[in-house]
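Subject: Structure handover

Hello,

The structure we discussed is below, with the sequence. My notes on it follow.

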Amino acid sequence: MDFKDYYAALGVSESASPEDIKRAYRKLARKYHPDVSKETDADEKFKDVGEAYEVLKDPEKRAEYDQLRKYGARGDGSFEPPPGWQSASGFGGGGYTEADAAQFSDFFEEIFGGGGRAGGGFSRGGFGATGRAGGFRQNMRVRGEDVHARLSLFLEEVFHGCEKQVSFTVHQPDEHGHIMPRQKTLKVKIPAGMREGQHLRLKGQGSPGSGGGDAGDLLLEIELAPHPTFAVEGRDILVTMPITPWEAALGATVTVPTVGSRVNVKVPKGSSSGRKLRLKGKGFPGKHPGDQIVVLQVVMPEQHAPEAEKLYKQLAEAEKSFNPRSRLHV
C-alpha cells in the first residue's frame with residue numbers, strides 16, 4: 001500500500017498549527033475545486049486535500065497519523081502498519097460522512113476505517129449506523145466552524161452602542177458533500193462601552209453543522225476608526241485642548257468637548273503645555289467607567305498686535321530671572 005503524506009498534500013510542515021492547516025486547506029480546496037479549476041488532475045487533488053484535512057484537523061487522528069508516519073512509512077514510499085496497531089479514534093470519531101468516505105483512499109480506510117479486511121495485519125472494532133462491523137457512522141453530529149470577522153466602528157458608535165449590518169462568509173457542504181462558501185448578512189446590536197480588540201460572540205451564527213450538529217459561532221472583533229478629536233487609552237478618552245498663553249498664566253474656565261456633549265473645565269493658574277486634567281467617569285461607560293483626560297496645549301497667536309508686543313516686552317523684563325532651560329544648564 002502506498003503511504004499518503006498528508007502534510008505534503010496541504011503544503012504545510014509537521015509543526016503547522018491548526019490555523020495554518022485550516023488556512024492551507026481552504027486555499028487549496030478553492031484552487032482545485034472541480035467546478036472552478038482548469039487543471040486536468042483537479043478532481044484527484046481536491047480529494048487528496050480533503051482527505052488530508054479530515055485527518056490533520058482532528059488532534060487525536062493527527063497524533064495517530066504522526067506515529068504511523070514515523071514507524072510505518074518506508075523509504076520506497078510504501079506503508080505497513082506496525083504489528084498489532086489499532087486506531088484508538090476509529091472512523092466514526094472525527095465527523096466523517098458517507099459522502100466523505102467515498103472519496104478517501106485505501107490508505108485512509110486501512111488506518112481509520114472499519115477495515116476488517118483480509119491481509120490488514122490488525123483488527124478494527126466497533127459498529128456504525130449500518131450495523132456492519134467496522135462501518136462508519138451516518139449522521140454523525142459535527143459542530144460547525146466558528147467564523148471570525150472584524151467590524152470597524154466610530155468612537156461615538158461604541159460609546160453609545162449601536163446596531164450595524166454585518167456581512168461575512170460561512171462554509172457549508174453542498175448536496176455532494178463539497179464545502180462551499182456562502183455570504184451571510186446579520187443585523188448586530190453592539191452594546192455601549194466596547195473597546196478596540198474586544199470580541200462579541202453571537203451563538204449559532206457561524207458555519208452550519210452537519211448531521212444535526214450545532215452551528216458554530218460568529219466572533220466579531222471590534223476595531224475603532226481614527227477620530228479627528230479624541231484618542232483612546234484603555235477605558236480613558238483623551239482630548240488635546242488648546243489654550244492661550246494668558247489663560248495658562250492667569251487661569252481660566254474653558255469649554256471642553258466630550259463624546260456627545262460639552263463641559264466647562266477650570267484651567268489652573270500657571271498651567272503649562274502637557275498638563276493633564278482628569279474628568280472622572282467621562283470615558284468609556286461600563287461597570288467601572290473610564291475618565292476623559294484633557295491635555296493642555298499652550299498656543300501662541302501667529303501675529304501680535306503692537307500693543308501686545310509692548311506688553312510681552314514688559315513681561316520679559318519683569319520675569320527676566322525665570323529660566324525655563326535651567327535644568328539643561330544653559
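In E11, the bridge partner of Leu279 is Gln292.

Leu279 and Gln292 belong to the pairing of E10 with strand E11 (residues 292-298), where 4 bridges join two strands that run antiparallel. Both strands sit in an open sheet of 4 strands, ordered E6-E7-E11-E10, and the pairing in this sheet is mixed. Its edges are strand E6 (230-233) and strand E10 (276-279); each has a single partner strand, so one side of each is left without a neighbour in the sheet. From one strand to the next, the twist averages 30°.

There is also an open sheet of 3 strands, in the order E1-E5-E4, again with mixed pairing. Here strand E1 (147-153) and strand E4 (199-202) are at the edges with a single partner strand each, so one side of each has no neighbour in the sheet. The twist in this sheet averages 25° from one strand to the next. E1 and strand E5 (residues 218-224) run parallel and are joined by 7 bridges. Within E5, Ile222 stands opposite Leu151.

Next, the nonpolar cores. The largest one has 37 residues, and those that touch the most other members are Phe168, Val188, Ile190, Leu218, Leu220 and Val294. A second, separate core has 21 residues, including Tyr32, Tyr53, Val55 and Tyr65. In soluble globular proteins, nonpolar side chains tend to be buried together.

Which residues does Val188 touch, not counting residues up to four places away in sequence? They are Cys162, Glu163, Lys164, Val166, Leu200, Leu202 and Leu220.

Finally, confidence. The average pLDDT of the chain is 80, and 78% of the residues score at least 70. Two stretches need care. Over residues 90-102, pLDDT stays under 50, and the model has 32 contacts beyond four places in sequence for them. Over residues 114-139, pLDDT likewise stays under 50, and the model has 49 contacts beyond four places in sequence there. Where pLDDT is low, the predicted coordinates should not be read in detail.

Regards

Definitions and conventions. Residues are numbered from 1 along each chain as its sequence is written. Side-chain values use heavy atoms; hydrogens and water are left out. Two strands pair if DSSP finds at least two bridges between them. Axes are lines fitted to C-alpha atoms, for helices over the stretch in contact, and angles run from 0 to 180 degrees between N-to-C directions. A nonpolar core is a set of buried Ala, Val, Leu, Ile, Met, Phe, Trp, Tyr and Cys residues joined through side-chain atoms within 4.5 Å. Buried means under 20% relative accessible area, exposed over 50%, partly exposed in between (1.4 Å probe, protein chains only). Contact means heavy atoms within 4.5 Å. pLDDT is the predictor's confidence in each residue, from 0 to 100.
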